[in-house]
Amino acid sequence: MKKVAVGLMVCFYVMTGICSAQVTRNVPSAVLTAFNTKYPGKTHVTWAKDGVGYAARFYDVQVPCTVRFNNNGEWLDETRKLSFGDLRSNVKNAFSQSKFASWHAYEVNEIQEKNKEKQYRILIRDSGAKGKYIYYDTKGQLTKEALTI
């Protein structure tokens with residue numbers, strides 16, 4: 001039984017490695033070069049094709065990150081997952097004083113898009129499980145609200 005379990009684990013790791021290698025092989029060299037230039041030394045990167053190009057997922061100092069490049073290797077944006085406690089203090093204060101202060105924050109992302117100011121997206125839910133994304137700029141100003149699906 002132990003041999004079967006070990007054999008299945010080896011097969012899993014081999015197949016995972018093959019699948020990851022296949023995905024990376026399909027990423028254009030311009031995209032890989034741009035990624036390695038902007039994020040040198042990053043390992044355990046997974047790639048996916050998306051509507052505008054390619055998305056790379058990896059960890060940067062134990063923080064989950066997703067970056068996107070167009071098909072020509074042009075950097076488009078970066079999203080980093082944060083905890084609520086990691087938010088800038090002015091954003092936390094603005095949230096705690098907003099009309100959403102009684103809502104629970106479930107997910108926080110720091111988003112940097114090309115040629116735009118950094119923003120913070122917070123997924124919040126009220127007691128009735130209605131969800132919204134709210135966006136703050138670096139000054140702690142609420143800039144956008146969007147219902148979740």
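Predicted model: local features only at pLDDT ≥ 70, side-chain atom pairs only at ≥ 80, totals over all residues.
View 1. Arginine 68 is partly exposed, its relative accessible area being 25%. Because aspartate 50 lies in the loop between E1 and E2 and arginine 68 in strand E3, the pair ties together parts that are 18 residues apart in sequence.

**View 2. The salt bridge of lysine 81 and glutamate 107.** The two side chains meet at 3.6 Å, N to O. Lysine 81 belongs to strand E4 (residues 75-82) and glutamate 107 to strand E5 (residues 104-113), so that distant parts of the chain, 26 residues apart, are linked.

**View 3. The salt bridge of glutamate 117 and lysine 139.** The N to O distance is 3.7 Å. Glutamate 117 is in the loop between E5 and E6, and lysine 139 is in the loop between E7 and strand E8 (142-147). Glutamate 117 counts as partly exposed at 49% relative accessibility, whereas lysine 139 counts as exposed at 55%.

View 4. Val91, Ala94 and Phe95 are the buried residues of helix H3 (residues 89-96).

**View 5. Histidine 44, a residue with positive phi.** Phi of histidine 44 is about 55°, although this residue is not a glycine. Histidine 44 sits in the loop between helix H2 (29-38) and strand E1 (46-49) and is exposed, with a relative accessible area of 74%.

Terms used: Residues numbered from 1 in each chain as written. Heavy atoms only, no water. Helix = DSSP H or I, 4+ residues; strand = E, 2+ residues; numbered from the N terminus. Buried < 20%, exposed > 50% of the residue type's maximum accessible area, 1.4 Å probe, protein only. Salt bridge = Lys/Arg side-chain N within 4 Å of Asp/Glu carboxyl O.
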